[in-house]
Amino acid sequence: MEGRRTVQVMLYPGASNLMLEGMQFPRNFTEGDIAKDFNPRFTKLLDELRITVQQHAKDGLDLKGYDLSDWWNELMQAGQMAYNTMLDQQARQRLGNLEKNEWDRNRRGLRFTFRTPPEYCLFWEMLYDSALLEFDKKQFWGFRYPLGRTFWNKNCSDRIDIHDGILSAIHNQLPDSLKEVEQLTAQLAQVSDRLGRKVSLQLLDKALTGGALDRNEILQFFHSDERFQYGIVHFACHCTSPDEGGASQASLCLTGGTDRIEIPLEWIIAKQAWGFRLEPLVFLNACESATPTAKFQTISFPTGMLDFGAGSVVATACVVPDRFAAAFAREFYKRLLLLETQQTVQQGQAVASASAGLQINISEALLQTRLYFFDTYDNPLGLAYGLYAVSDQQFNMAKRRSGQS
């Protein structure tokens, strides 16, 4: 079966119409609907789920046998309301026809890239088709489609290269943080064996030597140090925010040895002119990294990292328990690094094998990871993870391109 068709959903700044595959449809929603109604409601439901996972999930993951029916019903109501508001009847019919045509052509359906102003960035994973006659949990868009979102003022990279592997920052007070990076180290060892060249994980405090770390030194390392040769920057740490203050005062909180380091979002925004050297994938496996304050904000860590030159960002929409976060990262990288190649092919993922190396669609790997936790543990918390990039962006494990530093 062939791959998916990418559908572009576009909202121009200040426009009264929504563009879908080049066709205009009336826009019946406002910035206020998203910032004050949809996203806060979705975040509240995800946070309720997070508490349920912490209190009732076996080993912090397994919710089999636990009754989530009331939660599912409330999420469905919110998802249907958002679906009907964001897409009018003609737009919904257009999408239905596109999907039917793709399946009729023996393809795998659709994937979506939402390109909007930052203030219109919805948690699209929560949409649910209101026309379905029977409730089906897998019809939430986060379980149904590979999704990506990007913004009008951001460049869209179509490919992320692995380069020399992963740079990771941790917080030593998170019990599973070090275990998380140990698992990633083992996974990269398998990748090295398959590719016949070394790719590895390096802890940030080990990559930077010569005294105590500070945020200025870290951002300079990202920007101009030739030792920065990483295709992925993985944060397994806290995201903190003061009780009083705007989103820009939120911080990534990590440790280097015994030192505690905070990287404020406002610091990243202030240093935009520096930027990452190699447009890496930034995985913010940190508490509430997409919404650092109670309300959804235009200013956020995903937008800050994209402005700093990240090629794409994976971030969470709510606080995620440490054990679940570590397990989610492990399963995501299994799929991203094609460590389950046979299973991947059987599932029909968009994987391309070429003489130069292997590629996989990042949004597809994220979708399959969400489904893994849902199918294996009846745990839908993977809906909290979203991709900030075009939905057909590829992750490439080939040797770096000629002429790249």
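Q: Before we look at this predicted model, what does "buried" mean here?
A: Buried means under 20% relative accessible area, while exposed means over 50% and partly exposed lies in between. The model is a predicted one.

Q: With that in hand, how many residues of H10 are buried?
A: Of the 15 residues in H10, 12 are buried, so the helix is mostly covered. Among them are Asp322, Phe324, Phe328, Phe332 and Tyr333. Glu331 and Arg335 also belong to the buried set of H10.

Q: How far does H10 reach, end to end?
A: Helix H10 covers residues 322–336 and reaches 21 Å from its first C-alpha to its last. That is close to the 21 Å expected at 1.5 Å a residue.

Q: What follows H10?
A: Leucine 338 follows H10, and its phi is positive, near 55°.

Q: Back to those two charged residues: what do arginine 335 and glutamate 331 form?
A: They form a salt bridge, with the closest N and O atoms 2.9 Å apart. Because arginine 335 and glutamate 331 are four residues apart in helix H10, about one helical turn separates them. In general, an α-helix has 3.6 residues a turn, so residues three or four places apart point the same way.

Q: And how accessible are the two partners, arginine 335 and glutamate 331?
A: Arginine 335 has a relative accessible area of 3% and is buried. Glutamate 331 is buried as well, with a value of 2%.

Q: How many salt bridges does the structure hold?
A: The structure holds 21 salt bridges. One of them joins the side chains of arginine 5 and glutamate 102, at 3.8 Å from N to O. Arginine 5 lies in strand S1 (residues 5–10) and glutamate 102 in helix H3, so this pair ties together parts that are 97 residues apart in sequence.

Q: Are arginine 5 and glutamate 102 buried or exposed?
A: Arginine 5 counts as partly exposed, at 26% relative accessibility. Glutamate 102 is buried, with a relative accessible area of 1%.

Q: What about glutamate 48 and lysine 44?
A: Their side chains meet in a salt bridge of 2.6 Å, N to O. Glutamate 48 and lysine 44 are four residues apart in helix H1 (residues 31–56), so about one helical turn lies between them. Glutamate 48 is partly exposed at 30% relative accessibility, and lysine 44 is partly exposed at 46%.

Q: Changing topic: what is the volume of the largest pocket?
A: The largest pocket has a volume of about 200 Å³. Its lining consists of 13 residues, of which Arg4, Lys138, Phe143, Arg144 and Leu371 lie nearest the centre.

Q: Which elements give two or more residues to that lining?
A: For the largest pocket, they are helix H3 (89–104), helix H4 (141–144) and helix H12 (362–377). H12 gives the most, with four residues.

Q: Why is S14 said to be largely enclosed?
A: Five of the five residues of S14 are buried, so the strand is largely enclosed by the rest of the structure. Both of its faces are covered, with Ser312, Val314 and Thr316 on one side and Val313 and Ala315 on the other. In a regular strand the side chains alternate between the two faces of the sheet.

Q: How does S14 pair with S13 and with S17?
A: S13 (residues 281–284) runs parallel to S14, joined by four bridges. Within that pairing, leucine 281 stands opposite serine 312. S17 pairs with S14 in the antiparallel sense, also over four bridges, and tyrosine 385 in S17 is the bridge partner of threonine 316.

Note on methods: Residues numbered from 1 in each chain as written. Predicted model: local features only at pLDDT ≥ 70, side-chain atom pairs only at ≥ 80, totals over all residues. Heavy atoms only, no water. 1 Å grid on protein atoms, 1.4 Å probe; cavity = no way out; pocket = protein on both sides within 12 Å on 5 of 7 lines; lining within 4 Å. Points joined across faces, edges and corners; volume = space filled by probe spheres on them. Expected span 1.5 Å × (residues − 1). Buried < 20%, exposed > 50% of the residue type's maximum accessible area, 1.4 Å probe, protein only. Pairing = 2+ DSSP bridges. Salt bridge = Lys/Arg side-chain N within 4 Å of Asp/Glu carboxyl O.
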